[in-house]
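Subject: Structure handover

Hello,

Please find the structure below. My notes on it follow.

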Amino acid sequence: MLRRIWRLHFWVGLFAAPVLVVLACTGLVILYSQPLDAALNRHLFVVEQGPATVPLDQQVTTAKQHVGSDFSLEAVTPPDNAAGSTRVDFLAPDAPGYPQAETNVVQVFVNPYTGAYLGQRDQLSGLVGWANQLHRMFGNDGPHVQLPSLGHLINPSAYPDATIPVGVGNLWIELTATWILVLLASGIYLWWPRAIEAAKPLLKVRWGKGGRIRWRDIHALTGVVVAVILIGYIVSGMTWTRYWGENWRAVAATVTPSAEIDAASTAAKLGDYDRLGRRIAWAATDDPIYASQPGGAVAARLSYADIDKIAKDEHMVPGYSIIPPSDSTVDGKTVYGSYTVVNRWPQRVSEQRTLYLDQFTGATIANATAAQDGALSRLTSFGIAMHMGNQLGWLTRISATVACLGVLVSVLTGLLMWWKRRPKGSTGLPGPASAATRADTPRGALIAVTVTAVALGVLYPVFGVSLLIVLVVEGIIATRRGPSEPQAAPPDAEEGEGDQVVPVGAQQ
């Protein structure tokens, strides 16, 4: 069983290693995106504090003068500290949105003390923007496939579309993420203490041994330390993939529905304003944008300065964004939207909050927090906050940093182990197990592995389909392999390093 699990671990590791390296490197950039942005774009983010600020609406007017007249104003983000700039987001008229791609906004920065224009950038540009794109493998950009919607089967009225358009890149990372779970599980199995490997250390490195033994110990120790953290990241990251994440959203909303707010709403949803750099909390994306009530003659819309003052009085977390109201016409009647104030993302679950303010009076129509979400939605939001390194402050940020660095160490030591283990002049790639090895595999172990694989395949259907393809290909290769073809070498000793004879799986 060790031999067969080791072969699985090797091939999955070979498949997943490039993606793991990309996720670890880009994850580190995203984890520290705020200090990196402040350092790389200091001229946009940092200003000299003055005696008084220019009215917020005047700052917005300045920002509008530096983009095209056909650009639509998306959000206004007042400074989150005394030395910060005001950010105004605009959407280009030809900017693609879901499902075609990740919507790219133009961010314009203004000095709040002088009202001077500081500059602008595309949110998807620069180091942080590229890291976000690579981390999701460019998400829904590029070719799409239509996959069945579980939400439509559960609740057709709430999810009228029978299929979900999924980008190939997003589907690839979802598939790879599930195989990484297999990689971690098989690695833990190989590390697990057992009598046949009594000489193998569990939580220490034999530095004096050198060679493959040393790299094996570093690989095993690093892997088992970060495995639990990585499993948490994979599971939480899957909840906002385009396919599995959307299906999970439907399940969560059905099994543990959120509390409904009794107020008139527009046709828009909060998720319509979900942008890279201004994410909407996962549990809030399906929340409606509530309607304002003009009450007779239509009054004048409140200013951004008015809404900013209300947000501060309501103790919204500094860094919040003000989304302007969007009016629409239904059956010849105007439906007035509301000002929507959302706390900065990423955020702790306790900071998840959205204020819906009447655009004419400033009255609070709704004050949506995580407390109103269903249990599964709150659990998902907690996992995402942990994933982003925010929920427990610096503790989760440190653990995330350790996990990213641990991934890079694991990949490097895995490559070094393979290089030192391979026979001279050979690739050293593990071949299929011999008939004798397969016959000696305990029946109970095979049943346990089969049940686990089936359960994982049902929970993550994309993985299940890929697993079936792998098994079919393996079967075809096995039938075409001649009986005289050499089989893989049996497990060997640690190459005379002085330890007892143990299976190769124990060394990998």
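In these notes Ala, Val, Leu, Ile, Met, Phe, Trp, Tyr, Cys and Pro count as nonpolar, Asp, Glu, Lys and Arg as charged, and the others, Gly among them, as polar. The model is predicted, so to speak of local features a pLDDT of at least 70 is needed, side-chain atom pairs count only at pLDDT 80 or more, and totals for chains, interfaces and linings use all residues. Residues are numbered from 1 along each chain as its sequence is written, and side-chain values use heavy atoms, with hydrogens and water left out.

Overall

The chain has 16 helices and 14 strands; these are DSSP runs numbered from the N terminus, with helices being H or I of at least four residues and strands E of at least two. Along the principal axes, the C-alpha atoms fill a box of roughly 90 × 50 × 35 Å. Of the 508 residues, 46% count as buried. Buried means under 20% relative accessible area, exposed means over 50%, and partly exposed is in between (1.4 Å probe, protein chains only).

Cavities

Cavities and pockets were found on a 1 Å grid over the protein atoms alone. A cavity is a set of points where a 1.4 Å probe fits but cannot get out, whereas a pocket is an open set with protein on both sides within 12 Å along at least five of seven lines; lining residues have an atom within 4 Å of a point. Grid points are joined across faces, edges and corners, and a volume is the space filled by probe spheres set on the points.

There are five cavities of 30 Å³ or more.

Among the residues that line it are Leu270, Arg279, Ala281, Gln347 and Gln352. This lining divides into five nonpolar, four polar and two charged residues.

The second largest pocket

This pocket has a volume of about 1,800 Å³. It is lined by 48 residues, of which Leu8, Trp179, Leu467, Val470 and Leu471 are the closest to its centre. Helices α1 (2-31), α7 (168-191), α13 (435-440), α14 (443-459) and α15 (461-480) each supply at least two lining residues. The largest share, 14 residues, comes from α15. By class, the lining divides into 36 nonpolar, seven polar and five charged residues.

Helix α15 also holds isoleucine 469, which at 49% relative accessibility counts as partly exposed. Isoleucine 469 belongs to a nonpolar surface patch of about 340 Å², made with Val465, Val473 and Ile477. Patches consist of residues with over 30% relative accessible area and no salt bridge; like charges are joined within 9 Å, and nonpolar side chains (Val, Leu, Ile, Met, Phe, Trp, Tyr) within 5 Å. Accessible areas come from the Shrake-Rupley method with a 1.4 Å probe, and for residues only the protein chains shown count as cover.

Salt bridges

Side chains of opposite charge can pair when their charged atoms come close. A salt bridge here is a side-chain nitrogen of Lys or Arg within 4 Å of a carboxyl oxygen of Asp or Glu. By this rule there are 14.

In one of them, arginine 121 pairs with aspartate 37, with the closest N and O atoms 3.0 Å apart. Arginine 121 is in strand β4 (residues 117-122) and aspartate 37 in helix α2 (residues 33-40), so the pair links distant parts of the chain, 84 residues apart. Both residues are buried.

Glutamate 74 and arginine 275 also meet in a salt bridge, 2.9 Å from N to O. Glutamate 74 lies in strand β1 (residues 72-77) and arginine 275 in the loop between β7 (265-269) and β8 (288-290), so the pair ties together parts 201 residues apart in sequence. Glutamate 74 is buried at 6% relative accessibility, and arginine 275 is buried at 8%.

A further salt bridge joins aspartate 327 and arginine 301, with the closest N and O atoms 3.5 Å apart. Aspartate 327 is partly exposed at 36%, as is arginine 301 at 40%. Salt bridges that share partners also join Arg206, Arg216 and Asp217 into one network.

Regards
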